[in-house]
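Good morning, and thank you for making time for this item. Please have the sequence and the model open while I go through a few places in the fold.

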Amino acid sequence: MLAARPINRIDSKRRTIIDPRKKQFAKAQWQEHDYKHRMNFYTLPPTGDVTLEQFEEWAIARLKVLAELEACQFRNRSPEETTEHMRPILAKYLPLSQNSSRASDIDVERKRDHYSHWTLRLAFSTTEDLRKRFARLETQLFRLRLLQDDSRERKAFIGDLKLEWDSVSDEEKSRIGEQLRAATGLWKGEEEDWFKVDWEQVPELVEQRKVLLKMGKAFVHVREQLSMVVGEFSRQLEAGLELSARALPRMDEDNRLSPILTHLSKSFTAPDAAYSADASSIGDTTAINANTIDALSVHFPLCMRNLHRELRKNSHLKHYGRLQYTLFLKGIGMDLNECIVFWRQAFKLMTEDKFKKEYLYNIRHAYGDVGGDSNRRGRGYTPYSCQKLLTDATASASGQSHGCPYRTFSPENLVALLQATGVSDREVLKGVREDVARQRYHIACNRVFDSTHARELKKVKDGNLWPLSELDTILHPNTYFKRSWQLERIEKGVMGLPDGGGAETSF
């Protein structure tokens, strides 16, 4: 009888192989990808090195593009209008050159595209709603780019995908030729290429009745190949998002990436926009003082018009309303001394002593004239973006006037406020109601802007007076004001390009 030997359940050699500090983790399997094609299915995650700044900045740029795509859908733009609108937006935020362009930074562009996709994939894998929304918009972006791709490069890209499509043989084509003709109207002879795939892979073509269904297979003409590629991209992306969702708990352990991803996911509601003094102020061309605000208020977005109306009505605003309005006035070019004069005149029912004791310091602090922390360099706080106003929990409290009226007002009160500010078009008001019901608050604000400036915008577009990239979705109250003011100048015959085009996107 053999003596029993103790069993060592952990093989020392095997342990050295699976140790996460050793071999397989010592060096990434792929250091840098070889971007052979302009288009990308994003099947492999990037594994090279990038800085945290690049990680965030590239994702921000891509999120801006996706937000514009979604805005096109909300505004019911046709495919042709969407393509035309997105062309300068893509060139500005996420350029992607053809191989034939011989651009020197092709690899950098494609690396940025690759990394930004995967960053947002991680950021938007947290919930099912975010995953569906991200997949839908990424699929739209993929389709848009594929249609714009050079035909030869597109053919080479599709050829390298090695997708599982069965080519229909000549024998089968001759046998079912009449059925192909009856079902699709595309049959012209056996020399044409047809593919055979499971019908679930081409639901869009099935819905449009552009394929022959037979024995669970869809017979697709080569002309519809692009729809098949887009459908496959969408399916692979949806599956990949499910895998990314499982990996997110491990990402929480990295305190560098987790806050960035969280912030990006929150920015999907309304992308943030960083304030730029050069892009938002008109103080260098127009006198901004206490006496000109009433006249300039016609260019204010609804949030600021509401504050202005409340101030004129009650000769007072509560703390958060004062801060929001003060920073906005600062952003359009009003200096500190004039802002103090403005508030003193507005609070006309108040004694001088009370104003100095309870309100003067807060105005100076907003401008960075006193106080520490962010004010130490003398610049003070920056004007609030739409995202800041939409996510301010205090704005919903009773008696408050700050925040975004599209979010805080009831539909009836919102419509009444819009009508009081001159918006009377029934279709516009109906569209605003629909936007608000779907929590598309910044789209509702842009809808009002487009309606009230329809004539000026048409003149700008017809005359190519501004680059189309400067007419992207407004995401900052100061951008709203600056663009409205510039459009009025064009209407009056004072031509010129926008000075910086508004706030740059930042999340």
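Leucine 307 is found in helix H14; helices here are DSSP runs of H or I with at least four residues, strands are runs of E with at least two, and both are numbered from the N terminus. This is a predicted model, in which local features need pLDDT of at least 70 and side-chain atom pairs count only at pLDDT 80 or more, while totals for chains, interfaces and linings use all residues. Residues are numbered from 1 along each chain as its sequence is written, and side-chain values use heavy atoms, with hydrogens and water left out.

Is leucine 307 buried or exposed? Leucine 307 has 0% relative accessibility and therefore counts as buried; buried means under 20% relative accessible area, exposed means over 50%, and partly exposed is in between, with a 1.4 Å probe and protein chains only. Setting aside neighbours within four places in sequence, leucine 307 is in contact with Leu317, Gly321, Gln324, Tyr325, Ser401 and His402, where contact means heavy atoms within 4.5 Å. For tyrosine 325, the separation from leucine 307 is 18 residues in sequence and 7.0 Å in space, C-alpha to C-alpha.

Asparagine 306 also has its place in helix H14, which spans residues 302–314. The relative accessible area of asparagine 306 is 4%, so this residue is buried. Beyond its neighbours within four places in sequence, asparagine 306 is in contact with Ser401, Pro405, Phe409 and Leu417.

Let me turn to the cysteines. How many disulfides does the structure hold? The number is zero, a disulfide being a pair of cysteine sulfur atoms within 2.5 Å. Cysteine 303 is in no disulfide, and the nearest cysteine sulfur, which belongs to cysteine 404, is 6.4 Å away. Cysteine 303 counts as buried because its relative accessibility is 8%. Cysteine 404 is likewise in no disulfide, with the sulfur of cysteine 303 as its nearest cysteine sulfur. With a relative accessibility of 11%, cysteine 404 counts as buried.

Next, two helix pairs. Helix H5, residues 106–123, packs against helix H6, residues 128–148, at an angle of about 160°, and their axes are 11 Å apart. Axes are lines fitted to C-alpha atoms, for helices over the stretch in contact, and angles run from 0 to 180 degrees between N-to-C directions. That angle makes H5 roughly antiparallel to H6; angles over 145 degrees count as roughly antiparallel, those under 35 as roughly parallel, 65 to 115 as roughly perpendicular and the rest as oblique. The crossing of H5 and H6 is left-handed, meaning that the near helix is turned anticlockwise from the far one by less than a right angle, whereas clockwise would be right-handed. Which residues meet there? From H5 they are Asp113, His117, Leu120 and Arg121, and from H6 they are Phe134, Glu138 and Arg145. By class, the contact of H5 with H6 has two nonpolar, one polar and four charged residues. Here Ala, Val, Leu, Ile, Met, Phe, Trp, Tyr, Cys and Pro count as nonpolar, Asp, Glu, Lys and Arg as charged, and the others, Gly among them, as polar.

In the second pair, the axes of helix H23, residues 441–452, and helix H25, residues 477–491, come within 11 Å and cross at roughly 10°. H23 is therefore roughly parallel to H25. Cys445, Val448, Phe449 and Thr452 of H23 make the contact with Tyr480, Arg483, Ser484 and Leu487 of H25. The residues of this contact divide into five nonpolar, two polar and one charged.

Serine 424 is found in the loop between helix H21 (411–420) and helix H22 (426–437), and its relative accessibility of 60% makes it count as exposed.

Two backbone points remain. Most residues other than glycine have a negative phi. Tyrosine 42, in the loop between helix H2 (23–26) and helix H3 (52–74), has a positive phi of about 55°. Tyrosine 42 is buried, at a relative accessible area of 4%. Methionine 215 has a positive phi of about 55° as well, and is found in the loop between strand E3 (212–214) and strand E4 (217–221). Methionine 215 counts as exposed, at 80% relative accessibility.

Finally, the protein as a whole has 25 helices and six strands. Of its 507 residues, 48% count as buried.
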